Structure formats: C-alpha cells, structure tokens
Protein chains: 2
Amino acid sequence: MNTIASDIQDMAIRGKKAARSLVTLSTKAKNKVLLQMAAAIDARRDFIQEENKKDLEAAKTKGLSSAMLDRLKLSDSVIESMMAGLEEVAALPDPVGEVEKMNKRPNGLLVGRMRVPLGVIGMIYESRPNVTVDAAALCLKAGNAIILRGGSEAIHSNRALAKILQDVLAEEAITPDAIQVIAVTDREAVTAMLTQEEHIDLIIPRGGEGLIRFVSETSQIPVLKHYKGVCHIYVDADADLAQATPVIINSKTQRPGVCNALEGLLINKSIAEDYLPSLVEELKKHGVKILGCKNAIKIVSDIVPATESDWGTEFLNLTLCLKIVDDMDEAISYIYTHGSRHTEIILTENYTNAQRFINEVDASAVMVNSSTRFNDGGQLGLGTEIGISTTKLHAYGPMGLEELTTRKFIVYGQGQVRT
Amino acid sequence: MNTIASDIQDMAIRGKKAARSLVTLSTKAKNKVLLQMAAAIDARRDFIQEENKKDLEAAKTKGLSSAMLDRLKLSDSVIESMMAGLEEVAALPDPVGEVEKMNKRPNGLLVGRMRVPLGVIGMIYESRPNVTVDAAALCLKAGNAIILRGGSEAIHSNRALAKILQDVLAEEAITPDAIQVIAVTDREAVTAMLTQEEHIDLIIPRGGEGLIRFVSETSQIPVLKHYKGVCHIYVDADADLAQATPVIINSKTQRPGVCNALEGLLINKSIAEDYLPSLVEELKKHGVKILGCKNAIKIVSDIVPATESDWGTEFLNLTLCLKIVDDMDEAISYIYTHGSRHTEIILTENYTNAQRFINEVDASAVMVNSSTRFNDGGQLGLGTEIGISTTKLHAYGPMGLEELTTRKFIVYGQGQVRT
C-alpha cells in the first residue's frame, strides 16, 4: 500500500473510532457544537476568505469560467448562509434514538426499532466549499463521522473550514476525527477511499454525471446518488390551463441549472391546438428555447425540431423538449423510457388521472399540480438535505437527517426462550 | 457477450418489464395467485418429488453429506411448509401503496411518502429448494419481480417449482417473467447477473460466508446480506440467574447451526465464581463444548482453554466461547471487536445497564433478557423474512415485506410555484 492509500485507510479507521463515540453524544451537546461552529465561522471570516482567495487566484490562473469562480467564492453572503445552515440543523429534531412504536409479541417480548447513526459517511463533491460545512453539520447531528473529499480547486477553502470545525470539536472534547477533510488532491485518494468498506458505511457523491459514474463503478461501499434530473410535466386534457402556464414557467426558468428543473414537457393532444400558441409565446418571453415534436411544429411553426437524442436530455439551461402525446398512457410510457426517476408532474383537474399518475409513475417524487422545483429536502419538509437519491435502496428522493440513520431492532424481554 | 451472459441479460430485461406491470397489481389479485400457487404445489406433488429425486440421486453419486441431502429433500412435510408459507404471505398486509402520514406544507402542498416495490430482486442461494417458493412469494406480494439462482445441486427441484409457480401466473394473466429461475448451473451466470445494475435493483445472497463475500465483491448492484452471526450474551452482575440459565441454553442449543444461535458468552466477574459451576454443568448436560478464558478455567477447571482465534468465531455447532469480563464496558468493547452486528443480548435486572446496553450496542437486534433465537422476522413480528441484513443501508435486521419496498414522495398541489 502506498502513502496515499495508507493515509486514507488511517483516516477511515479514525473515522470509525470517532463514529463509535458519537453514538452516545446527547442532542444538547450536538446542538451546542453546531451553534459554536456558526460563531467560529463568523469570528474567523478573515481567515476563511484569505484561504478562499488562494483558491480563487489559482482558479483564475487556470482560466476557470466565471460561473465556476462564482461557485468557488466564499463571499460574505455565502459565509452567512453557512452559518444559517448550522443554526437550522441545530434547530432540527434529532432522529437518533427515536422509536416510532413498539409492539408486544404474543410471548410478551416488547419489540421496536430504534434510529441509530449509520457510522461513517464519505462525501465526494465538486467546487462549492460551503458543502463542507453543510454536510458536516448534517452528519454530526445524525451522529455520524464524515470524511470529506472536495474538489481540488477548493482545497484551501475546504481545509480552512474543516480546521475551524475541528477546533470547535476539540474545545468541546469531541474527537476532531468526527469531521475529516482529505488534504491531498490526487484522484488516487478517492479510489483509496472507495475501498474502505470495512470502515466507511456510505458514500454520497455530488457533482457532474462523470464524477458520480466513476464513484459508483469504483466503490466497494454502498453509494446513494442521482446521476441526473430529467424531470417532466404532463399537461393532461383536463388541466387548469391558467394554472398550468405559471407552473411550467416556474419549473423551467426559476433556476434552470439544477436537477429539479423541468427538461421535458408532454401535452395532451386534445388541448394542444388551443393551448400551445399562448404557452410557447410565454416560454419564449422567458428566453426558453423549445425543441418540439412534428405535431407541435404543425401548431406553432417556429419551434426547432427535436432530434431523437434530445428526448430525455438533461439540458441544465433554458432549452426545453416538448412533445404532444395521445393520452396519459403515452405520457407515462414516455416518462418510463426517458425519465431519470427524479421528479415527475401531472397537471390536471381530473381526479382519476391524478391518482393513476401518483400510483403508476416511478420517480423519487411524483406530484400533482405543482412545480418540479419542490423536489428538495427543505421544500418537502425534511428541514434540509444532503443530496437527492434516485437509487431505490435506503432512500428515494431528498435525504435529510433521517436518511443519515438506520433502524436497529430493540427488544425488552423477561427471560423468554424459543420453543 | 457470450450466450450465458446474453441469456442472463435477457432475463434481467424481461424481469424489469414484468416489474413494471406488477406495480399496479391489486392486493386481492396477488393474494389469489399466492393461494393458487399453494394449491398447485399440492396438486403437483408427484412431479415435484420426481424432479427432486433426480437432484437427490445426483447428490448421492457426488457423495454429499447426509446433512446436505436432508436440506435438499422435498419431503411431504417440506412441501406442506412451502404451502403454509404461501398462505401466510397471502394473509400478510400488503405494504405497497401505504402512506403513513401526510403533512401540509406552509404553501399548501400536501406531502407524503408512498411505499412502492423495489423492482427486480436477484436471489442467490444454496441447497434448500424451498427458498425458491418462499422468496418468490415474498417478492410477488411486495410487487417485485424475482430472478432466482439456486444451487446447482437443486437445479431440477428449483426448475420444477418455478414451472409450477409460472403456470399459475400464466393462468391468472400475469407475466411468468415475474418469477424466473436461472436454468444453467455455470458460475458465470452469477457473475453475469451481478452486472445487470440497470435492470436488477437488489441482490440478496443466502448461504455460506464464501458465497456471500463473492457476491458482495463482484456485484455492481446493491447487496443486502449478513456474512455471519456471531451472537453474544452478556450476563450482568445484576442478572436473574435462575432466568439466565434457560435463556443461555436455549440460545446455544435450540438450533446451533443457524445465524442467531449463541456463539460467545460474557459473564460479569462479580458473579462468575458463584454462577459458573452450575451453568457449566447445565451446558455440558446439553452437550455444549466450552472454550474459556483463563479466569473461567480457574473457577471450573475442566474447560478447554480458548485460543485467540476462537473469540469471535461463528461455530454453528455446540461449541461456545466463554469469557469473564470486569464490567459492562469490557463487555460492550468485546462485542464491538468480536461481534458481527447480528444479535446481542444483556441479561440483567439493572434498569440503567439495560438501557445503556440497548442504546450503545451496535447490532441489528439488541435485546434484554431474551434468547438470541428471537432475531428472526417471524418472531419479531414481520410475518416472515427473506433474510437478515447486517448491512446498515436500507435494512438492518430481518427483512420482511416492508424491506422489499421503498418510499417515493407524493405531493398534491394546487398550482404552487417556488419563489
């Protein structure tokens, strides 16, 4: 084993040991630490921004895009949002130790399931250094140790933030190994991390599809992830069209670069002729470029024809695919074929169609008469999220504190034996 | 791709297609099919036993042990237990479609989580052909398609059972691809199956540690498994000793060859001198061979000294490791080091120790004053089980119908947009 691999293994072993001590940390103690972390970030703002400057300068030298620089920058407002994030997580209910119900078995055994931490979480992410703080806060609150591997372009920022968090842990007599940042930027460190299945319980990758595929294919550890968000809205024959337009505009344009933005619009043929002209006009007003099917072009001529490979594409910009479908069956089949099991919407006033769509469509969030943009941990009531999973095992959809735990069986007996 | 790999891929694709059609199958329809399967197994008992005979004869020729032959044999009583299993699964509540609660968000969105099938389950198991029927029944009830890969020694029995189940599916106009058995015995078929991550959602291996490690290391698909069950009982200073002895005897001897049998006994030193002689006598009466620590041998001289490698061993026979510990801290540390996160028990009348053990010990089932043998889906109230997981992701402990499903978010809106 070379130096990098053995360093990573040491970190994983230390993480496992830290995780054991976090299991019994009280909610009060965890909340206190989280609030002190917020205060420490505030107090050491200059240090953070100095270190961040090193990353920004290196990024400029490398010629990174202004969008990339923007994501990298720890401005005052980003620092304040990290602090607010820590305070929010402190305010959330602690899932650890929760027993939803217990049942008495016929032999008198009292059986329940208690929420317990997962153990050690490995987080692999790109550019945004604020993820370092957000992910560490969620993992700590759920009683897990975390090993963070951020992008090389944010290495100074990530190390500075981790240092501040670890200093607070040490002040509170909690092992700093509860929050570790991998300090080397070699890709080998990721590969080494993904083989630590004895010590790391879960890997969460966040970033581009390439990174996530690499992690998923290499890892010996379970991975929760989504590759992409190809989200659809189906406008049913019975949709309330006055309501439909703002929902479509919001889904597509409110933040087009994120995974829960709209990428494909399906319109029932019975309303297409009446509805399309005004909808397309509104979309164009918002700068949306439409790639349409042949039948759509027959109705609104100045739509760009979609090619076969456009269907199911995650554009992450103001491009939208538009297809006229014969009926709901075709819409559901289209989503089955082209969707990414992320977010799927029906707009309808028809009760039966709404219920059928909810029951039959397979996606992490299936919604009626709502913008796609609500598939988000905060919006759905989880408080906040560490990511969204389109994997069906363990978590499907946004992952909050509860998804960073598991449930063990607990049993209270009086000397029962099995016969 | 060679013939075996491409055949397996075809099966996986057909399984995925079948899974889609099972999502909307009603509980009534599923229960009807399960009961008809029980009737069909009864009616075609001769066919089953004829095919089973082929396996038994081949096994005899190969010189398999009588224990193996016993596990392979589909006797009348095994056939009746398969029928009873189908009837039990039909009687269990259907988890699919369950929404435990819904919450109204401040913006009026009504948000809940609905249980949905996982999709396609791959089951890899050894010798016992009755697993074919038990696993198929659970998967079908939870709305999943299943691909079964049994041991080569049971191939005729497994094919016969699958044929009967598939005939019933066809009679009920359900695609027979919902229950598929891999008909070739080459190991390559397993390897090919484990690469079908696009079409198979979960792999459950059951068998020896070697098989499970092979599956786990090879699979691109999430695997739920336990490698072994190294279960402990800690007899606290405040244990009710009259209650302790029958619990220990039951845990060790009721069925020593299974994963929830007792393998390690930890005794608080303050009671060891008084308690050990009578306990050892009782264990010996039940044929238990004890491997003890030095201090135990000082008290009862005719105990075999344990070697370092004995601690944490899964014996699966009447051998038991016995260690005297200074206190509960040492017991918990011992379990942390030598346990397999399967089943851990404290025997005590001390309230604080009971609660501390429940909270601090990391295992799929942590119990007070109970036999280890209760860590079983049926015994803990799941109805029945498809296996036990010591993986923390998705399921920890026995896996019943609920663990064969996941939860998607469902949202009912009135045209909400995100601001």
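Some housekeeping before the structure. Residues are numbered from 1 along each chain as its sequence is written, and chains are lettered from A and ligands numbered from 1 in the order in which they are written. Since the model is predicted, local features need pLDDT of at least 70 and side-chain atom pairs count only at pLDDT 80 or more, while totals for chains, interfaces and linings use all residues.

I start with the two copies. Chain B is superposed on chain A by a rotation of 180° with 0.0 Å of shift along the axis, and the RMSD is 0.0 Å. That is the relation of a two-fold axis. The superposition is by least squares on the C-alpha atoms of residues with pLDDT of at least 70 in both copies. Which residue of chain B comes closest to the rotation axis? B:His394 does, with its C-alpha at 1.8 Å.

Now the contact between the chains. Chain A gives 56 residues to the contact and chain B gives 56 residues; two residues are in contact if their C-beta atoms, placed from the backbone, lie within 7 Å. On the chain B side, the elements giving two or more residues are β2 (110-117), α10 (241-253), α14 (351-360), β13 (365-370) and β16 (405-416). These labels come from DSSP runs, numbered from the N terminus: helices are H or I with at least four residues, and strands are E with at least two. The largest share of that side, 11 residues, is from β16(B). By type, the chain B side has 25 nonpolar, 20 polar and 11 charged residues.

Two strands pair if DSSP finds at least two bridges between them.

Where the chains join, β16 (405-416) of chain A runs parallel to β13(B), with 5 bridges between them. One of the bridge partners is B:Ser370 in β13(B), paired with A:Gln416. Within chain B, β7 (231-235) and β8 (262-268) are also parallel and joined by 5 bridges, and B:His232 stands opposite B:Gly264 in β8(B).

Angles here run from 0 to 180 degrees between N-to-C directions, and axes are lines fitted to C-alpha atoms, for helices over the stretch in contact.

α11(B) also has a helix partner. The axes of α10(B) and α11(B) come within 10 Å and cross at roughly 30°. The two helices are therefore roughly parallel to each other; angles under 35 degrees count as roughly parallel, over 145 as roughly antiparallel, 65 to 115 as roughly perpendicular and the rest as oblique. Here B:Leu241, B:Thr245, B:Ile248 and B:Ile249 of α10(B) meet B:Tyr275, B:Leu279, B:Glu282 and B:Leu283 of α11(B). Those residues divide into 6 nonpolar, 1 polar and 1 charged.

Last, a sheet within chain A. Its 4 strands form an open sheet with parallel pairing, in the order β5-β4-β3-β6. β5 (179-181) and β6 (202-206) are at the edges with a single partner strand each, so one side of each has no neighbour in the sheet. On average, neighbouring strands are turned by 20° against each other, direction ignored. β3 (120-125) and β4 (145-149) are joined by 5 bridges, and A:Gly122 has A:Ile147 as its bridge partner in β4(A). Helix α1 (3-22) of chain A packs on this sheet, touching β3, β4 and β5, at about 145° to β4(A).

Notes: Nonpolar A, V, L, I, M, F, W, Y, C, P; charged D, E, K, R; others polar.
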